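Subject: Structure handover

Hello,

Here is the structure to look through, with notes on what was found in it below. Please read them with the structure open.

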Amino acid sequence: MTGTEILKIPVDRETKEKAERRCRSQGKTLEEAVLEFIKESAEEKDTVCILETNVDDCSGEQLGYAMECLLEAGALDASCFPVYMKKNRPAYMLQVICREEKQKELEAILFRETTSIGLRRYREEREILPRTFAEVCLRTGEKVRIKICEHHGQKFYYPEYETVKAACRESGRAFREVYEEAAALAGGEQ
């Protein structure tokens with residue numbers, strides 16, 4: 001199936017010629033550009049479930065443990081935000097981002113590990129930058145895993161926390177020093 005078969009959008013001749021000239025300047029055919037766009041769009045978006053609960057009678061340690069349990073059970077992310085509840089009581093909103101198939105399991109953890117007696121759930125679309133992974137070797141010999149993301153042709157290099165932490169413990173170096181060296185090595189800086 002070609003790009004023009006996929007889209008089936010009526011386009012006037014002038015617009016089509018303009019698009020084809022633009023694609024040729026990038027070394028692509030119009031069909032290749034359309035297929036690449038469709039592929040990138042499909043890879044960069046998905047739908048996730050958001051679970052939220054407000055708690056005003058839960059210790060910080062208990063919330064920290066709950067977040068660890070949620071992440072170990074497959075939550076994509078878990079965060080706490082300070083909020084004020086009724087009667088101006090200080091509290092925290094615990095927010096969990098997860099895949100739909102993990103929703104029930106994570107809800108059970110929320111009720112078991114916090115003082116929550118209710119939660120909100122909704123679905124959201126999210127956009128994700130394409131990513132790959134690489135490994136760099138630091139001057140002191142430790143290896144750090146790097147997440148490489150790309151946006152509009154620009155690459156971003158993010159050393160993975162756990163491998164930076166391990167390198168710091170092995171070498172006795174500061175976190176920022178290891179992080180910056182790993183990011184520079186990944187980006188081709190010496």
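R120 counts as partly exposed, since its relative accessibility is 36%; the classes are buried for under 20% relative accessible area, exposed for over 50%, and partly exposed in between, with a 1.4 Å probe and protein chains only. R120 forms a salt bridge with E52, with 3.2 Å between the closest N and O atoms. A salt bridge here is a side-chain nitrogen of Lys or Arg within 4 Å of a carboxyl oxygen of Asp or Glu. E52, at 8% relative accessibility, counts as buried. The pair links distant parts of the chain, 68 residues apart: R120 is in strand β4 (residues 120-127) and E52 in strand β1. Helices (H or I, at least four residues) and strands (E, at least two) are DSSP runs numbered from the N terminus.

This is a predicted model, in which local features need pLDDT of at least 70 and side-chain atom pairs count only at pLDDT 80 or more, while totals for chains, interfaces and linings use all residues. Residues are numbered from 1 along each chain as its sequence is written, and side-chain values use heavy atoms, with hydrogens and water left out.

On confidence: pLDDT is the predictor's confidence in each residue, from 0 to 100. The protein chain averages 85, and 76% of the residues score at least 70. Contact means heavy atoms within 4.5 Å.

The structure holds 15 salt bridges. One of them joins the side chains of K104 and E107 (3.7 Å, N to O). These two are three residues apart in helix α5, so about one helical turn separates them. K104 counts as exposed, at 58% relative accessibility, whereas E107 counts as buried, at 7%. Salt bridges that share partners also join R139, R173, E177 and E181 into one network.

R173 is buried, with a relative accessible area of 12%. Its side chain makes a polar contact of 2.4 Å with that of E181. A polar contact is a pair of N or O atoms within 3.5 Å; within protein, one must be able to donate a hydrogen and the other to accept it, and residues adjacent in sequence count only if both atoms are side-chain atoms. Beyond four places in sequence, the residues in contact with R173 include L138, R139, T140, E142 and C168.

Next, the cores. A nonpolar core is a set of buried Ala, Val, Leu, Ile, Met, Phe, Trp, Tyr and Cys residues joined through side-chain atoms within 4.5 Å. The largest has 17 residues, of which L51, L70, L94, V96, L106, I109 and L110 touch the most other members. At least two residues of this core come from each of β1 (45-55), α4 (60-72), β3 (90-98) and α5. The most come from α4, which gives four. A second, separate core has 10 residues, among them V136, I148, A167 and C168.

Regards
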